[in-house]
Amino acid sequence: MQCTLLALFALIVGTEALVTRQSLRMGLSVGQTFPADALKKWGCSGVPAVVYFYGADESPSCTKQASAFSESMDDFNALNVKVVGVRNQKGVKPRFAEKYGQTFVVDEGDEVRDSIGIKKDFFGALGGRETYVVDREGVVTFVFNDQFKAGDHAVKALVAAEALPPPPATAMARGVPPSLQIQAFTVLQPLVLAVLAVAVLNQAIAVNFKL
């Protein structure tokens, strides 16, 4: 009996280790570009975003993952980072999305999931649980894949989001290239200093007259 239990335990541990190794085979890598059409369709084009793929609404681990992101939404909003949860049409459950302060979208037929190569877990029985952080250009800056640690996705994604570059300056947002901004600053700096010097001189003269 004891030998049977030990053998069963070894089988369970071995299976979990195999699944864990499989889940580490991620789709996109850091530095690669997330599909632009998907980002546009999901409202993430031109903005930093967290895009996380999960299995199905209402399942225990997926609910834990969504709850973890929901608890951190104030932090993501402060960083102007959009959070999007992705599942296929079979994984949609009524009113699930209404419970959480984030965006949920449907990946029809797992088209995006398959195109970026997210591997399935449990010998193909479950879709991989994978989270991406992308910058404004759609470049992947962080990837995390773990089927078992559902709550860690939000924690790690927030750390990665905090490391994203700050929002561009107003001039850059209006389309002025950084090189022109530097040139403008170089040209205007002496003029600004001259105006300040004249103002200080005028004030000094006015004080002397009063005396």
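Predicted model: local features only at pLDDT ≥ 70, side-chain atom pairs only at ≥ 80, totals over all residues.
1. Let me start with Glu 58, which counts as partly exposed because its relative accessibility is 36%. Residues are numbered from 1 along each chain as its sequence is written, and side-chain values use heavy atoms, with hydrogens and water left out.

2. Which residue does Glu 58 form a salt bridge with? The partner is Lys 99, and the closest N and O atoms of the pair are 3.2 Å apart. This bridge joins distant parts of the chain, 41 residues apart: Glu 58 sits in the loop between strand 1 and helix 3, and Lys 99 in the loop between strand 2 and strand 3 (103-106). Lys 99 has a relative accessible area of 52%, so it is exposed. A salt bridge here is a side-chain nitrogen of Lys or Arg within 4 Å of a carboxyl oxygen of Asp or Glu.

3. The structure holds three salt bridges. In one of them Arg 87 pairs with Asp 57, with 3.0 Å between the closest N and O atoms. Arg 87 belongs to strand 2 (residues 82-87) and Asp 57 to the loop between strand 1 (49-53) and helix 3 (60-71), so the pair ties together parts that are 30 residues apart in sequence. Arg 87 and Asp 57 are both buried.

4. Another salt bridge connects Arg 113 and Asp 110, whose closest N and O atoms are 3.8 Å apart. Both of these residues are buried; for Asp 110 the relative accessible area is 16%. Asp 110 also deserves a look at its backbone: phi is positive, about 55 degrees, although the residue is not a glycine. You will find Asp 110 in the loop between strand 3 and helix 5.

5. Arg 95 also has a positive phi without being a glycine, with a value near 65 degrees. Where does Arg 95 lie? It lies in the loop between strand 2 and strand 3. Arg 95 is exposed, because its relative accessible area is 58%.

6. Stepping back to the fold, there are eight helices and five strands in the protein. Along the sequence the order is α-α-β-α-α-β-β-α-β-β-α-α-α. Helices (H or I, at least four residues) and strands (E, at least two) are DSSP runs numbered from the N terminus. Of the 211 residues, 34% are buried. The protein exposes about 12700 Å², and carbon and sulfur atoms supply 63% of that area; accessible areas come from the Shrake-Rupley method with a 1.4 Å probe, and for residues only the protein chains shown count as cover.

7. Among contacts (heavy atoms within 4.5 Å) with a separation of 6 or more, 66% are between residues 24 or more positions apart. Beyond neighbours within four places in sequence, Arg 129 contacts residues including Phe 53, Tyr 54, Gln 65, Asp 121, Phe 144 and His 153. The C-alpha atoms of Arg 129 and Phe 53 are separated by 5.6 Å, though the two residues are 76 apart along the chain.

8. Now to the second largest pocket, whose volume is about 180 Å³. On a 1 Å grid over the protein atoms alone, a pocket is an open set of points with protein on both sides within 12 Å along at least five of seven lines, unlike a cavity, where a 1.4 Å probe fits but cannot get out; lining residues have an atom within 4 Å of a point. Grid points are joined across faces, edges and corners, and the volume is the space filled by probe spheres set on them.

9. Which helices each supply at least two residues of that pocket's lining? Helix 2 (36-41) and helix 5 (111-116) do. Among the lining residues are Pro 35, Ala 38, Lys 41, Trp 42, Glu 108 and Val 112. The lining divides into five nonpolar, one polar and five charged residues, where Ala, Val, Leu, Ile, Met, Phe, Trp, Tyr, Cys and Pro count as nonpolar, Asp, Glu, Lys and Arg as charged, and the others, Gly among them, as polar.

10. Finally, Ala 38 lies in helix 2 and is buried, because its relative accessibility is 6%.

Methods. Buried < 20%, exposed > 50% of the residue type's maximum accessible area, 1.4 Å probe, protein only.
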